[in-house]
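Please keep the structure in view while reading.

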Amino acid sequence: AAFLIVQLIIFSDHWQAAWIFYTVPVQNYGKIYLGAAKALSVSYAVPLAAVLLLALSWKIPFAHALGIATISMVNFIALFSFLMWFVRDLPLSRKRERGQAAFQTIVWILLVPVMALFGALEYFLFRFPKFLLPGLILLLLFALLNIRMTARAIDRRIRNREFAV
């Protein structure tokens with residue numbers, strides 16, 4: 001889901017309206033991106049975790065299902081924060097063009113080792129339950145710190161090309 005949100009967040013059918021981002025004085029463009037990302041996360045990731053929790057709790061104990069859903073949400077936040085390093089445009093500011101999705105898909109496929117790293121971390125946390133809570137807290141802290149850093153990087157990237165467009 002994190003790949004999908006990062007990939008789709010910049011495209012819109014009404015991309016011409018993105019001029020408003022450049023005409024209104026904005027202190028931090030990264031916060032605009034984070035707001036759009038939060039909206040998409042609440043719209044897609046939270047319901048996905050809820051469906052995962054309900055589906056799993058049907059067959060396994062609720063506490064275990066809650067752990068899997070929690071780890072999935074924390075992994076989503078951490079992966080999303082990592083993928084934000086590749087953002088170059090404001091949300092909803094680009095028109096989808098033919099061939100663009102193919103290139104982005106290749107880029108995301110090259111990031112599969114990162115997904116494998118998160119999968120290995122999830123396996124480690126379930127294999128050694130005493131590290132579950134500290135591991136989740138550390139991963140969440142890493143993700144939140146990374147989100148702050150990438151928001152600054154997004155702001156810097158967009159400001160550097162603001163008048164070049």
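A residue counts as buried under 20% relative accessible area, as exposed over 50% and as partly exposed in between, with a 1.4 Å probe and protein chains only. By this criterion, buried residues make up 36% of the 165 residues in the protein chain. The model is predicted: local features need pLDDT of at least 70, side-chain atom pairs count only at pLDDT 80 or more, and totals for chains, interfaces and linings use all residues. Residues are numbered from 1 along each chain as its sequence is written, and side-chain values use heavy atoms, with hydrogens and water left out.

The protein chain has seven helices and zero strands, where helices (H or I, at least four residues) and strands (E, at least two) are DSSP runs numbered from the N terminus. Of the contacts (heavy atoms within 4.5 Å) with a separation of 6 or more, 85% join residues 24 or more positions apart.

Two packed helices are described by the angle and the distance between their axes. For helix H4 (residues 62–83) and helix H6 (residues 112–127), the axes come within 11 Å and cross at roughly 150°. Axes are lines fitted to C-alpha atoms, for helices over the stretch in contact, and angles run from 0 to 180 degrees between N-to-C directions. H4 and H6 are therefore roughly antiparallel, a term for angles over 145 degrees.

On the H4 side, the contact is made by His64, Gly67, Ile68, Ile71, Asn75, Ala78, Leu79 and Phe82; H6 contributes Val114, Met115, Phe118, Glu122, Leu125 and Phe126.

Definitions and conventions. Parallel < 35°, antiparallel > 145°, perpendicular 65-115°, else oblique.
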